[in-house]
Each structure stands twice: as structure tokens, then as C-alpha cells.
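Here is a short note for a colleague meeting this structure for the first time. Please keep the sequence and the 3D view open while reading.

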Amino acid sequence: MNKVTFALGLCVPLFAISASPPDASRYIQDLDAAMKVAQKTLAAGELKAVSAQSRSFSQLQSRGEAFGKSVFDEPFGRCFAAGVHAQAWWQAQLAAAQRGGSEANPGWIKRELANYQENKSECLKATKGGGKPTTERIASTSETPPRKGCLKVLGLRADGAVGTIAYTCPVK
């Protein structure tokens with residue numbers, strides 16, 4: 001497994017994803033449908049239906065792992081993130097409902113909805129790109145990036161020292 005390390009020392013694994021653009025589109029449709037039903041379910045207040053809706057969001061979030069485990073997993077990591085934010089939006093809705101409609105963390109529902117919509121949009125863009133990666137890895141021990149927009153990948157070099165081993169660059 002490859003790892004990308006950013007300037008702040010964050011190490012993010014890059015997973016090979018076998019999901020297809022139609023899989024990602026269907027996943028977003030399922031998330032949208034669950035979010036639409038969620039509003040009606042909460043309004044009705046039927047505990048069994050609320051519980052079933054919670055299980056549905058959990059299952060959808062788990063299904064999202066087919067697209068990666070991070071927004072950095074190409075090409076569909078943003079689809080995974082959309083599922084995470086849809087689940088967080090539902091949790092925020094539930095928490096507010098339990099508090100009589102007020103949010104313990106003001107703006108949480110709105111933020112999670114905005115995060116969902118942003119990741120949904122990026123996911124759908126990836127499906128239009130045919131599921132092709134938008135970055136490439138270029139092996140290099142140079143401290144100078146091969147081109148603009150490249151991120152340094154740190155790792156263990158052949159000489160045993162930690163340093164630049166490659167660059168992750170936008171595909172031209």
C-alpha cells in the first residue's frame with residue numbers, strides 16, 4: 001500500500017478502488033433517497049421507523065467504504081466522504097430532535113448538509129471523468145517537485161534515512 005505524507009506529518013494510505021462510475025452514481029442516489037425519507041421519518045416520530053432509518057444510514061456509510069476510506073482515495077474517495085457526512089447529518093438531526101428541535105452544537109445540521117453536498121458534487125464529477133485518477137505518483141528523491149501542484153511523499157529511502165521518495169502530482 002502506498003502512503004502520502006503531507007507537510008504536517010499526516011500520513012494517508014492510498015487504496016486501489018475497484019468501484020465503477022455507475023456504482024458511485026447509484027450510491028449517491030441511495031444517499032439522496034435516504035436523506036429525503038429521513039425528514040419524513042423524524043417528523044412522524046415513530047420510534048421503529050427512526051431506528052430503521054438509523055440502521056439504513058449506518059449501512060449506507062459502510063457501503064461507502066467500497067469507494068475508499070478517505071477523501072484521498074482516488075477516484076471515488078469523495079463518494080465515501082459523502083456517506084460519512086450523510087450519516088453525520090442524520091446524527092445531527094436525531095440529536096436536535098431529542099433536544100426538542102434545538103441543536104447542542106449550533107449549525108451542525110447545516111454544516112453536515114453542506115459537507116455532504118460538496119462531497120456529493122465531487123463524487124459525481126469523478127463519475128463523469130470515467131473514474132480515472134486525477135493524480136499520479138512520480139518516484140523521485142529530489143527536493144524539487146517535478147512540476148507545479150505536486151505534493152511530496154516522505155518515506156524510508158534506500159540509505160535508511162527518512163526523506164522524499166516520490167511526488168503525488170495532478171495528472172496533466
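Predicted model: local features only at pLDDT ≥ 70, side-chain atom pairs only at ≥ 80, totals over all residues.

The points below cover the disulfides, the nonpolar core and the salt bridges.

1. **Disulfide count and pairing.** The structure holds two disulfides. Number the bonded cysteines of the protein chain in sequence order, and the pairing reads 1-2, 3-4.

2. **The C79 and C123 disulfide.** The sulfur atoms of C79 and C123 lie 1.9 Å apart. The link is right-handed, with 85 degrees about the S-S bond. It joins distant parts of the chain: C79 sits in helix α3 (residues 77–98) and C123 in helix α4 (residues 108–128), 44 residues apart.

3. **Burial of that pair.** Are C79 and C123 buried or exposed? C79 has 0% relative accessibility, so it counts as buried. C123 is buried too, because its relative accessible area is 1%. The cut-off for buried is under 20%.

4. **The C150 and C169 disulfide.** Here the sulfur atoms are 2.1 Å apart. The torsion about the S-S bond is about 115 degrees, so this disulfide is right-handed. C150 lies in the loop between β3 (135–139) and β4 (151–156), while C169 lies in strand β5 (residues 162–170), so the pair ties together parts that are 19 residues apart in sequence. Both C150 and C169 are buried.

5. **The largest nonpolar core.** This core has 27 residues, and L31, F57, F67 and W90 touch the most other members. Helices α1 (21–44), α2 (47–63), α3 and α4 each supply at least two residues of the core. Which of them gives the largest share? That is α3, with nine residues.

6. **A closer look at L31.** Set aside the neighbours of L31 within four places in sequence. L31 is then in contact with L60, A82, G83, A86 and Y116.

7. **Salt bridges: D32 and K120.** Side chains of opposite charge can pair when their charged atoms come close. The count here is eight salt bridges. One of them joins D32 and K120, with the closest N and O atoms 2.9 Å apart. D32 belongs to helix α1 and K120 to helix α4, so this pair links distant parts of the chain, 88 residues apart. D32 is partly exposed, at 27% relative accessible area. K120 is also partly exposed, at 23%.

8. **Salt bridges: K125 and E122.** The closest N and O atoms of K125 and E122 are 3.1 Å apart. Why are the two separated by about one helical turn? Because they are three residues apart in helix α4. K125 has a relative accessible area of 53%, so it is exposed. E122, at 29% relative accessibility, counts as partly exposed.

9. **Salt bridges: R157 and E143.** The side chains of R157 and E143 meet at 3.1 Å, N to O. R157 is in the loop between β4 and β5, and E143 is in the loop between β3 and β4. The pair links distant parts of the chain, 14 residues apart. R157 is partly exposed, with a relative accessible area of 24%. E143 counts as partly exposed at 47% relative accessibility. Salt bridges that share partners join E143, K152 and R157 into one network.

Terms used: Residues numbered from 1 in each chain as written. Heavy atoms only, no water. Disulfide = S-S within 2.5 Å. Helix = DSSP H or I, 4+ residues; strand = E, 2+ residues; numbered from the N terminus. Buried < 20%, exposed > 50% of the residue type's maximum accessible area, 1.4 Å probe, protein only. Core = buried A, V, L, I, M, F, W, Y, C linked by side-chain atoms within 4.5 Å. Contact = heavy atoms within 4.5 Å. Salt bridge = Lys/Arg side-chain N within 4 Å of Asp/Glu carboxyl O.
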